[in-house]
Amino acid sequence: MHMRLKPGTAWRDAYDRCCAVAPEAFHDDRVLNHWGGVWHRDGRPVPGFSPLDGTAIAGPPRLDRAGAGRAVAGAVEEHRRWRHLPLDERKAMVSAAVDSMAAHRDLLALLLVWEIGKPWKTACADVDRCLDGVRWYLTEVDRMVAGRMPLPGPVSNIASWNYPMSVLMHAMLVQALAGNAVIAKTPTDGGLSCLTLACALAVREGLPFTLVSGGGSELSPVLVAGRSLGCVSFVGGRSAGAKVAGSVADLGRRHVLEQEGLNCWGVWGYGDWELLTRQIRASFDYGKQRCTAYPRFVVQRSLFHEFLQSYLTAVGSLRFGHPLAVQDPDDPLPQLDFGPLINASKAKELADQVDEAIARGGVPVHRASLDTGHFLPGQDISAYFAPTALLNPPPSSPLHHAEPFGPVDTIVLVDTEAELLAAMNASNGALVATLSCDEEETFQRLSSEVRSFKVGHNRPRSRGDRDELFGGLGASWRGAFVGGDLLVRAVTTGPDAERLPGNFPHYTLLP
(Lines give C-alpha, C1' and ligand atoms only; values in the text may rest on other atoms or scores of the structure.)
Protein backbone atom coordinates (compact mmCIF):
# COMPACT_ATOMS: atom_id res chain seq x y z
CA MET A 1 0.00 0.00 0.00
CA HIS A 2 1.29 3.47 -0.88
CA MET A 3 2.15 5.97 1.81
CA ARG A 4 -0.01 9.08 2.04
CA LEU A 5 0.00 12.28 4.09
CA LYS A 6 -1.88 11.87 7.36
CA PRO A 7 -5.25 13.64 6.92
CA GLY A 8 -5.43 16.99 8.71
CA THR A 9 -1.64 17.41 8.85
CA ALA A 10 -1.01 19.20 5.53
CA TRP A 11 0.83 22.52 5.61
CA ARG A 12 -2.30 24.35 4.43
CA ASP A 13 -4.24 22.78 7.31
CA ALA A 14 -1.64 24.02 9.81
CA TYR A 15 -1.43 27.52 8.32
CA ASP A 16 -5.22 27.91 8.16
CA ARG A 17 -5.37 27.01 11.85
CA CYS A 18 -2.77 29.70 12.56
CA CYS A 19 -4.88 32.27 10.69
CA ALA A 20 -7.91 31.23 12.75
CA VAL A 21 -6.10 31.25 16.11
CA ALA A 22 -4.06 34.44 15.60
CA PRO A 23 -5.43 36.45 12.65
CA GLU A 24 -3.53 39.51 13.88
CA ALA A 25 -0.21 37.74 13.16
CA PHE A 26 -1.08 35.53 10.17
CA HIS A 27 -2.59 36.91 6.97
CA ASP A 28 -3.65 34.74 4.06
CA ASP A 29 -0.60 35.80 2.06
CA ARG A 30 2.11 36.33 4.69
CA VAL A 31 3.28 36.33 8.31
CA LEU A 32 3.76 39.62 10.17
CA ASN A 33 6.53 41.08 12.37
CA HIS A 34 5.71 42.25 15.90
CA TRP A 35 7.26 45.32 17.50
CA GLY A 36 6.19 48.32 19.51
CA GLY A 37 3.25 46.31 20.81
CA VAL A 38 1.73 46.06 17.31
CA TRP A 39 1.76 43.52 14.46
CA HIS A 40 3.19 45.08 11.28
CA ARG A 41 2.88 44.12 7.60
CA ASP A 42 6.41 45.32 7.04
CA GLY A 43 9.52 43.65 5.76
CA ARG A 44 9.96 41.76 2.52
CA PRO A 45 8.56 38.20 2.66
CA VAL A 46 10.88 35.71 0.98
CA PRO A 47 9.84 32.25 -0.24
CA GLY A 48 9.96 29.40 2.24
CA PHE A 49 10.08 25.67 1.59
CA SER A 50 9.64 22.74 3.95
CA PRO A 51 12.53 20.29 4.29
CA LEU A 52 9.96 17.48 4.51
CA ASP A 53 9.17 17.37 0.80
CA GLY A 54 9.81 20.81 -0.71
CA THR A 55 6.29 22.10 -0.03
CA ALA A 56 6.06 25.90 -0.22
CA ILE A 57 5.49 27.33 3.27
CA ALA A 58 5.43 30.80 4.81
CA GLY A 59 8.76 32.60 4.48
CA PRO A 60 10.23 35.23 6.81
CA PRO A 61 9.22 38.91 6.34
CA ARG A 62 12.75 40.31 6.30
CA LEU A 63 13.30 43.79 7.72
CA ASP A 64 16.17 46.04 6.69
CA ARG A 65 18.44 47.68 9.25
CA ALA A 66 16.27 50.77 9.60
CA GLY A 67 13.18 48.65 10.23
CA ALA A 68 15.02 46.63 12.86
CA GLY A 69 16.15 49.88 14.47
CA ARG A 70 12.53 50.97 14.87
CA ALA A 71 11.70 47.58 16.36
CA VAL A 72 14.50 47.85 18.93
CA ALA A 73 13.40 51.37 19.85
CA GLY A 74 9.92 49.98 20.50
CA ALA A 75 11.37 47.26 22.71
CA VAL A 76 13.32 49.84 24.72
CA GLU A 77 10.08 51.71 25.43
CA GLU A 78 8.38 48.47 26.49
CA HIS A 79 11.34 47.65 28.73
CA ARG A 80 11.05 50.94 30.59
CA ARG A 81 7.51 50.06 31.60
CA TRP A 82 7.89 46.30 32.08
CA ARG A 83 10.93 46.39 34.38
CA HIS A 84 8.92 48.27 37.03
CA LEU A 85 5.96 45.88 36.96
CA PRO A 86 5.59 43.91 40.22
CA LEU A 87 6.81 40.33 40.04
CA ASP A 88 3.39 38.89 40.86
CA GLU A 89 1.91 40.63 37.81
CA ARG A 90 4.71 39.36 35.58
CA LYS A 91 4.19 35.84 36.92
CA ALA A 92 0.46 35.97 36.21
CA MET A 93 1.05 37.10 32.61
CA VAL A 94 3.76 34.52 31.90
CA SER A 95 1.62 31.78 33.45
CA ALA A 96 -1.32 32.80 31.25
CA ALA A 97 0.94 32.74 28.17
CA VAL A 98 2.16 29.24 29.04
CA ASP A 99 -1.42 28.03 29.50
CA SER A 100 -2.40 29.50 26.14
CA MET A 101 0.51 27.80 24.39
CA ALA A 102 -0.38 24.52 26.10
CA ALA A 103 -3.90 24.81 24.67
CA HIS A 104 -2.38 24.98 21.17
CA ARG A 105 0.44 22.51 21.81
CA ASP A 106 -0.36 20.17 18.93
CA LEU A 107 -0.49 23.03 16.40
CA LEU A 108 2.86 24.38 17.60
CA ALA A 109 4.33 20.87 17.26
CA LEU A 110 2.88 20.37 13.76
CA LEU A 111 4.44 23.67 12.67
CA LEU A 112 7.81 22.39 13.91
CA VAL A 113 7.37 19.23 11.83
CA TRP A 114 6.78 21.23 8.66
CA GLU A 115 9.25 24.05 9.27
CA ILE A 116 12.31 22.24 10.62
CA GLY A 117 11.59 18.56 9.92
CA LYS A 118 11.19 17.19 13.43
CA PRO A 119 9.37 13.86 13.78
CA TRP A 120 6.10 14.21 15.67
CA LYS A 121 7.33 12.81 19.00
CA THR A 122 10.43 15.04 18.92
CA ALA A 123 8.38 18.11 17.99
CA CYS A 124 5.96 17.52 20.85
CA ALA A 125 8.89 17.12 23.24
CA ASP A 126 10.31 20.48 22.12
CA VAL A 127 7.05 22.25 22.98
CA ASP A 128 6.53 20.34 26.23
CA ARG A 129 10.07 21.03 27.47
CA CYS A 130 9.53 24.74 26.92
CA LEU A 131 6.26 24.87 28.82
CA ASP A 132 7.27 22.52 31.64
CA GLY A 133 10.54 24.38 32.11
CA VAL A 134 8.85 27.79 32.39
CA ARG A 135 6.32 26.39 34.84
CA TRP A 136 9.25 25.37 37.04
CA TYR A 137 10.68 28.90 36.88
CA LEU A 138 7.29 30.31 37.88
CA THR A 139 7.53 28.34 41.14
CA GLU A 140 11.18 29.28 41.78
CA VAL A 141 11.58 32.84 40.48
CA ASP A 142 10.80 34.67 43.75
CA ARG A 143 14.00 33.48 45.40
CA MET A 144 15.96 33.82 42.14
CA VAL A 145 15.28 37.55 41.76
CA ALA A 146 15.56 38.42 45.44
CA GLY A 147 18.03 41.31 45.71
CA ARG A 148 18.37 41.55 41.93
CA MET A 149 17.08 43.98 39.31
CA PRO A 150 16.18 43.69 35.61
CA LEU A 151 18.81 44.75 33.09
CA PRO A 152 19.00 48.39 31.95
CA GLY A 153 17.73 47.43 28.48
CA PRO A 154 15.95 44.59 26.65
CA VAL A 155 17.47 41.18 25.93
CA SER A 156 18.23 40.50 22.25
CA ASN A 157 18.05 36.85 21.18
CA ILE A 158 19.63 35.42 18.03
CA ALA A 159 19.22 31.65 18.01
CA SER A 160 19.66 28.74 15.64
CA TRP A 161 16.63 27.04 14.10
CA ASN A 162 16.78 23.63 15.75
CA TYR A 163 14.97 24.31 19.05
CA PRO A 164 12.53 27.21 18.57
CA MET A 165 10.49 26.33 21.65
CA SER A 166 12.59 24.50 24.24
CA VAL A 167 15.60 26.82 23.84
CA LEU A 168 14.50 30.14 22.30
CA MET A 169 10.91 30.61 23.50
CA HIS A 170 11.83 29.11 26.89
CA ALA A 171 14.60 31.70 27.28
CA MET A 172 12.30 34.53 26.14
CA LEU A 173 9.63 33.66 28.69
CA VAL A 174 12.16 33.44 31.54
CA GLN A 175 13.83 36.71 30.46
CA ALA A 176 10.44 38.45 30.61
CA LEU A 177 9.64 36.80 33.93
CA ALA A 178 12.88 38.28 35.30
CA GLY A 179 11.73 41.78 34.32
CA ASN A 180 13.06 42.37 30.82
CA ALA A 181 11.50 43.22 27.50
CA VAL A 182 12.57 40.66 24.92
CA ILE A 183 13.64 40.85 21.27
CA ALA A 184 14.06 37.78 19.07
CA LYS A 185 15.16 37.39 15.48
CA THR A 186 13.44 34.56 13.67
CA PRO A 187 16.06 31.94 12.71
CA THR A 188 16.77 32.30 8.99
CA ASP A 189 16.41 28.59 8.20
CA GLY A 190 13.16 27.75 9.97
CA GLY A 191 10.70 28.14 12.82
CA LEU A 192 8.95 31.33 11.67
CA SER A 193 5.32 30.26 12.01
CA CYS A 194 5.84 28.33 15.25
CA LEU A 195 7.57 31.30 16.90
CA THR A 196 5.04 33.76 15.49
CA LEU A 197 2.13 31.76 16.90
CA ALA A 198 3.81 31.43 20.29
CA CYS A 199 4.58 35.17 20.34
CA ALA A 200 1.01 36.02 19.34
CA LEU A 201 -0.31 34.01 22.27
CA ALA A 202 2.24 35.65 24.61
CA VAL A 203 1.61 39.27 23.60
CA ARG A 204 -2.14 38.75 24.02
CA GLU A 205 -1.35 38.18 27.68
CA GLY A 206 0.67 41.40 27.83
CA LEU A 207 4.23 40.10 27.46
CA PRO A 208 6.75 42.60 25.98
CA PHE A 209 7.89 40.49 23.02
CA THR A 210 9.42 41.81 19.81
CA LEU A 211 9.75 39.28 16.96
CA VAL A 212 11.40 40.30 13.69
CA SER A 213 12.94 38.58 10.66
CA GLY A 214 15.95 39.53 8.60
CA GLY A 215 19.47 38.65 7.56
CA GLY A 216 22.02 38.24 10.34
CA SER A 217 24.67 40.48 8.79
CA GLU A 218 22.07 43.15 7.95
CA LEU A 219 20.52 43.27 11.42
CA SER A 220 23.58 42.54 13.56
CA PRO A 221 24.55 46.21 14.03
CA VAL A 222 21.13 46.77 15.59
CA LEU A 223 20.36 43.46 17.35
CA VAL A 224 23.91 42.90 18.63
CA ALA A 225 25.68 46.26 18.77
CA GLY A 226 22.72 48.52 19.59
CA ARG A 227 23.74 50.57 22.63
CA SER A 228 20.30 50.46 24.23
CA LEU A 229 20.36 46.65 24.65
CA GLY A 230 20.86 45.09 28.06
CA CYS A 231 22.08 41.66 26.95
CA VAL A 232 22.74 39.66 23.79
CA SER A 233 21.91 35.94 23.81
CA PHE A 234 23.26 33.95 20.86
CA VAL A 235 23.01 30.26 19.93
CA GLY A 236 24.79 29.16 16.77
CA GLY A 237 28.06 28.30 15.05
CA ARG A 238 31.54 29.49 15.93
CA SER A 239 32.10 31.73 12.91
CA ALA A 240 28.95 33.79 13.50
CA GLY A 241 29.49 33.61 17.23
CA ALA A 242 33.00 35.04 16.93
CA LYS A 243 31.60 38.12 15.18
CA VAL A 244 28.98 38.58 17.89
CA ALA A 245 31.63 38.09 20.57
CA GLY A 246 33.78 40.83 19.04
CA SER A 247 30.89 43.29 19.09
CA VAL A 248 29.76 42.64 22.65
CA ALA A 249 33.33 42.63 24.00
CA ASP A 250 33.95 46.09 22.58
CA LEU A 251 30.80 47.38 24.28
CA GLY A 252 31.29 45.59 27.60
CA ARG A 253 27.79 44.18 27.07
CA ARG A 254 26.22 41.37 29.10
CA HIS A 255 26.19 38.35 26.82
CA VAL A 256 25.42 34.62 26.55
CA LEU A 257 27.00 33.03 23.47
CA GLU A 258 26.47 29.29 23.01
CA GLN A 259 28.64 28.02 20.16
CA GLU A 260 29.32 24.66 18.62
CA GLY A 261 31.95 22.21 19.79
CA LEU A 262 32.84 18.68 18.75
CA ASN A 263 31.18 16.63 21.49
CA CYS A 264 33.06 13.34 21.86
CA TRP A 265 32.16 9.94 23.28
CA GLY A 266 35.18 8.04 24.53
CA VAL A 267 35.25 4.23 24.93
CA TRP A 268 38.05 2.93 27.15
CA GLY A 269 38.24 -0.22 29.30
CA TYR A 270 34.54 -0.89 28.69
CA GLY A 271 32.32 -3.95 28.31
CA ASP A 272 28.58 -3.21 28.49
CA TRP A 273 27.93 -3.34 24.75
CA GLU A 274 24.20 -3.91 25.06
CA LEU A 275 23.82 -0.58 26.88
CA LEU A 276 26.06 1.20 24.39
CA THR A 277 24.01 -0.15 21.47
CA ARG A 278 20.88 1.47 22.89
CA GLN A 279 22.74 4.71 23.57
CA ILE A 280 24.19 4.90 20.05
CA ARG A 281 20.75 4.52 18.51
CA ALA A 282 19.34 7.22 20.81
CA SER A 283 22.19 9.54 19.82
CA PHE A 284 20.64 9.86 16.34
CA ASP A 285 17.57 11.65 17.68
CA TYR A 286 16.62 14.46 15.26
CA GLY A 287 19.44 13.41 12.95
CA LYS A 288 22.08 14.77 15.37
CA GLN A 289 20.97 18.33 14.57
CA ARG A 290 21.51 19.32 18.19
CA CYS A 291 24.15 21.31 20.02
CA THR A 292 24.56 18.36 22.40
CA ALA A 293 24.78 15.64 19.73
CA TYR A 294 27.70 13.19 19.82
CA PRO A 295 29.20 12.93 16.31
CA ARG A 296 32.67 11.62 17.34
CA PHE A 297 33.51 8.29 18.98
CA VAL A 298 37.04 7.89 20.31
CA VAL A 299 37.61 4.16 20.80
CA GLN A 300 40.36 2.09 22.38
CA ARG A 301 41.81 0.12 19.47
CA SER A 302 41.71 -3.23 21.28
CA LEU A 303 37.96 -2.79 21.78
CA PHE A 304 37.14 -1.72 18.23
CA HIS A 305 35.81 -5.10 17.05
CA GLU A 306 33.26 -5.16 19.89
CA PHE A 307 32.44 -1.47 19.48
CA LEU A 308 31.87 -1.91 15.74
CA GLN A 309 29.45 -4.79 16.26
CA SER A 310 27.53 -2.68 18.76
CA TYR A 311 27.57 0.36 16.48
CA LEU A 312 26.37 -1.46 13.36
CA THR A 313 23.56 -3.11 15.32
CA ALA A 314 22.42 0.33 16.50
CA VAL A 315 22.54 2.15 13.16
CA GLY A 316 20.99 -0.79 11.35
CA SER A 317 17.83 -0.32 13.41
CA LEU A 318 17.38 3.41 12.69
CA ARG A 319 14.17 4.62 11.01
CA PHE A 320 14.10 7.88 9.08
CA GLY A 321 11.85 9.56 6.54
CA HIS A 322 8.78 11.78 6.15
CA PRO A 323 7.31 12.36 9.64
CA LEU A 324 3.71 12.68 8.39
CA ALA A 325 3.56 9.71 6.00
CA VAL A 326 1.15 6.88 6.88
CA GLN A 327 -0.26 3.86 5.06
CA ASP A 328 -3.81 4.14 6.35
CA PRO A 329 -5.53 7.42 7.27
CA ASP A 330 -6.27 6.05 10.74
CA ASP A 331 -2.67 5.02 11.40
CA PRO A 332 -0.75 6.95 14.05
CA LEU A 333 2.14 9.07 12.85
CA PRO A 334 5.31 7.00 12.34
CA GLN A 335 7.85 6.49 15.11
CA LEU A 336 10.98 7.82 13.40
CA ASP A 337 14.44 8.52 14.76
CA PHE A 338 14.77 11.51 12.45
CA GLY A 339 13.39 13.21 9.37
CA PRO A 340 15.22 15.50 6.92
CA LEU A 341 18.09 17.86 7.49
CA ILE A 342 17.11 21.52 7.67
CA ASN A 343 17.37 21.96 3.88
CA ALA A 344 18.71 20.42 0.68
CA SER A 345 21.79 22.66 0.72
CA LYS A 346 22.86 21.22 4.07
CA ALA A 347 22.34 17.66 2.81
CA LYS A 348 24.49 18.36 -0.25
CA GLU A 349 27.19 20.03 1.85
CA LEU A 350 27.35 17.00 4.13
CA ALA A 351 27.42 14.57 1.19
CA ASP A 352 30.31 16.52 -0.34
CA GLN A 353 32.22 16.46 2.95
CA VAL A 354 31.75 12.70 3.29
CA ASP A 355 32.84 12.04 -0.31
CA GLU A 356 35.91 14.24 0.10
CA ALA A 357 36.87 12.60 3.40
CA ILE A 358 36.65 9.13 1.82
CA ALA A 359 38.67 10.26 -1.20
CA ARG A 360 41.41 11.43 1.18
CA GLY A 361 41.59 8.21 3.16
CA GLY A 362 38.62 8.05 5.52
CA VAL A 363 37.11 4.56 5.74
CA PRO A 364 33.31 4.25 5.39
CA VAL A 365 32.30 1.63 7.96
CA HIS A 366 28.59 2.31 7.46
CA ARG A 367 26.73 4.11 4.68
CA ALA A 368 22.97 3.57 4.58
CA SER A 369 20.86 4.27 1.52
CA LEU A 370 17.94 6.66 1.21
CA ASP A 371 16.10 3.70 -0.33
CA THR A 372 15.54 2.44 3.22
CA GLY A 373 13.69 5.63 4.19
CA HIS A 374 9.99 6.06 4.96
CA PHE A 375 8.69 8.34 2.18
CA LEU A 376 5.64 9.39 0.20
CA PRO A 377 5.55 8.17 -3.42
CA GLY A 378 7.62 10.46 -5.65
CA GLN A 379 8.28 13.06 -2.97
CA ASP A 380 11.27 15.41 -3.00
CA ILE A 381 13.93 13.79 -0.78
CA SER A 382 16.76 16.26 -1.48
CA ALA A 383 16.96 17.34 2.18
CA TYR A 384 17.35 13.81 3.55
CA PHE A 385 20.64 12.15 4.48
CA ALA A 386 21.08 8.49 5.40
CA PRO A 387 23.17 7.49 8.45
CA THR A 388 26.89 7.36 7.73
CA ALA A 389 30.02 6.56 9.73
CA LEU A 390 33.66 7.13 8.82
CA LEU A 391 36.71 5.63 10.45
CA ASN A 392 39.70 7.95 10.85
CA PRO A 393 38.58 11.02 8.87
CA PRO A 394 41.61 12.83 7.40
CA PRO A 395 42.85 15.90 9.31
CA SER A 396 42.11 18.05 6.25
CA SER A 397 38.40 17.24 6.44
CA PRO A 398 35.90 19.45 8.31
CA LEU A 399 34.53 16.19 9.71
CA HIS A 400 37.80 15.77 11.60
CA HIS A 401 37.46 18.89 13.74
CA ALA A 402 33.93 20.34 13.40
CA GLU A 403 30.38 19.31 14.24
CA PRO A 404 28.63 17.98 11.09
CA PHE A 405 25.09 18.77 12.33
CA GLY A 406 23.68 15.71 10.61
CA PRO A 407 23.58 11.89 10.93
CA VAL A 408 27.30 11.43 10.24
CA ASP A 409 29.60 9.89 12.85
CA THR A 410 33.36 9.76 12.82
CA ILE A 411 35.37 7.15 14.71
CA VAL A 412 38.96 7.61 15.85
CA LEU A 413 41.05 4.76 17.25
CA VAL A 414 43.57 5.33 20.04
CA ASP A 415 46.07 3.23 21.97
CA THR A 416 46.87 5.32 25.03
CA GLU A 417 45.00 7.51 27.49
CA ALA A 418 46.97 10.51 26.27
CA GLU A 419 45.79 9.87 22.71
CA LEU A 420 42.24 9.44 23.98
CA LEU A 421 42.28 12.84 25.69
CA ALA A 422 43.94 14.58 22.74
CA ALA A 423 41.28 13.22 20.39
CA MET A 424 38.42 14.15 22.71
CA ASN A 425 39.75 17.70 23.01
CA ALA A 426 40.19 18.18 19.26
CA SER A 427 37.89 21.21 18.98
CA ASN A 428 39.25 23.31 21.87
CA GLY A 429 36.25 22.94 24.09
CA ALA A 430 32.82 21.32 23.98
CA LEU A 431 29.42 21.51 25.62
CA VAL A 432 29.12 17.82 26.56
CA ALA A 433 31.23 14.66 26.50
CA THR A 434 30.88 11.07 27.68
CA LEU A 435 33.33 8.40 28.78
CA SER A 436 32.23 4.77 28.66
CA CYS A 437 34.58 2.95 31.01
CA ASP A 438 33.95 0.27 33.61
CA GLU A 439 36.10 1.64 36.42
CA GLU A 440 35.00 4.71 38.39
CA GLU A 441 38.62 5.58 39.16
CA THR A 442 39.46 5.59 35.46
CA PHE A 443 36.53 7.87 34.74
CA GLN A 444 37.48 10.32 37.47
CA ARG A 445 41.08 10.48 36.25
CA LEU A 446 40.22 10.98 32.60
CA SER A 447 37.13 13.18 32.89
CA SER A 448 39.05 15.91 34.70
CA GLU A 449 41.18 16.34 31.57
CA VAL A 450 38.28 16.55 29.10
CA ARG A 451 37.55 20.14 28.06
CA SER A 452 33.79 19.92 28.26
CA PHE A 453 31.25 21.64 30.50
CA LYS A 454 29.56 18.32 31.27
CA VAL A 455 31.07 14.83 31.17
CA GLY A 456 28.85 11.77 31.52
CA HIS A 457 30.00 8.42 32.91
CA ASN A 458 28.49 5.62 30.81
CA ARG A 459 25.62 7.92 29.82
CA PRO A 460 25.08 10.88 27.51
CA ARG A 461 24.72 14.41 28.81
CA SER A 462 22.28 16.99 27.49
CA ARG A 463 21.46 20.66 27.80
CA GLY A 464 19.23 19.80 30.74
CA ASP A 465 16.04 21.27 32.16
CA ARG A 466 14.91 23.18 35.21
CA ASP A 467 17.72 23.40 37.77
CA GLU A 468 20.43 21.79 35.62
CA LEU A 469 23.16 24.25 34.64
CA PHE A 470 24.50 24.59 31.11
CA GLY A 471 27.59 26.10 29.51
CA GLY A 472 30.71 25.24 27.56
CA LEU A 473 34.46 25.29 27.89
CA GLY A 474 37.05 26.70 25.51
CA ALA A 475 35.73 28.13 22.25
CA SER A 476 32.32 26.47 22.65
CA TRP A 477 30.97 29.20 24.94
CA ARG A 478 31.47 32.89 25.66
CA GLY A 479 29.80 34.89 28.39
CA ALA A 480 27.49 33.89 31.22
CA PHE A 481 26.47 30.29 31.81
CA VAL A 482 22.74 29.51 31.99
CA GLY A 483 20.29 26.92 33.30
CA GLY A 484 18.63 26.92 36.70
CA ASP A 485 19.36 30.02 38.78
CA LEU A 486 22.10 31.02 36.33
CA LEU A 487 19.61 31.79 33.54
CA VAL A 488 17.93 34.41 35.75
CA ARG A 489 21.25 35.74 37.03
CA ALA A 490 22.45 36.17 33.43
CA VAL A 491 19.58 38.57 32.67
CA THR A 492 19.45 40.50 35.95
CA THR A 493 21.89 42.70 37.85
CA GLY A 494 23.13 41.97 41.34
CA PRO A 495 25.82 43.46 43.58
CA ASP A 496 28.26 45.89 41.94
CA ALA A 497 31.23 43.56 42.28
CA GLU A 498 29.36 40.45 41.12
CA ARG A 499 31.27 38.04 38.89
CA LEU A 500 28.83 35.84 37.00
CA PRO A 501 29.77 32.20 36.41
CA GLY A 502 30.79 31.97 32.78
CA ASN A 503 33.57 32.04 30.21
CA PHE A 504 34.59 35.68 29.75
CA PRO A 505 37.57 37.35 28.01
CA HIS A 506 39.28 38.05 31.33
CA TYR A 507 38.13 35.16 33.51
CA THR A 508 36.42 31.76 33.55
CA LEU A 509 34.33 31.00 36.63
CA LEU A 510 32.74 27.58 36.93
CA PRO A 511 29.57 27.34 39.04
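1. Ground rules. The model is predicted, so local features need pLDDT of at least 70 and side-chain atom pairs count only at pLDDT 80 or more, while totals for chains, interfaces and linings use all residues. Residues are numbered from 1 along each chain as its sequence is written, and side-chain values use heavy atoms, with hydrogens and water left out.

2. Aromatic pairs. Rings of Phe, Tyr and Trp (its six-membered ring) pair if their centres lie within 6.5 Å; planes under 30 degrees apart are stacked, over 60 edge-to-face and the rest tilted. The count comes to 19 aromatic pairs by this rule. Take Trp161 and Phe405: their planes stand at 85° with ring centres 5.8 Å apart, so this pair is edge-to-face. The two residues are 244 apart in the chain, with Trp161 in the loop between strand 11 (155–158) and helix 6 (164–177) and Phe405 in the loop between helix 13 (398–401) and strand 21 (408–414). Helices (H or I, at least four residues) and strands (E, at least two) are DSSP runs, numbered from the N terminus.

3. Burial of ring pairs. Both Trp161 and Phe405 are buried, where buried means under 20% relative accessible area, exposed over 50% and partly exposed in between (1.4 Å probe, protein chains only). Phe375 and Tyr384 also form an edge-to-face pair, because their centres are 4.8 Å apart and their planes are at 80°. Phe375 is buried at 16% relative accessible area, and Tyr384 is buried at 3%.

4. Helix packing. Helix 3 (residues 87–103) packs against helix 6 at an angle of about 155°, the axes being 9 Å apart; axes are lines fitted to C-alpha atoms over the stretch in contact, and angles run from 0 to 180 degrees between N-to-C directions. The two helices are therefore roughly antiparallel (under 35 degrees is roughly parallel, over 145 roughly antiparallel, 65 to 115 roughly perpendicular and the rest oblique). Contact means heavy atoms within 4.5 Å, and the residues involved include Arg90 and Val94 of helix 3 and Met169 and Leu173 of helix 6.

5. Lys288. The charged end of Lys288 sits over the ring of Phe284, 4.4 Å from its centre; the rule asks for NZ of Lys or CZ of Arg within 6 Å of the ring centre and within 35 degrees of the ring normal. Lys288 is worth a look for its backbone too: phi is near 60°, a positive value in a residue other than glycine. Lys288 is buried, with a relative accessible area of 2%.
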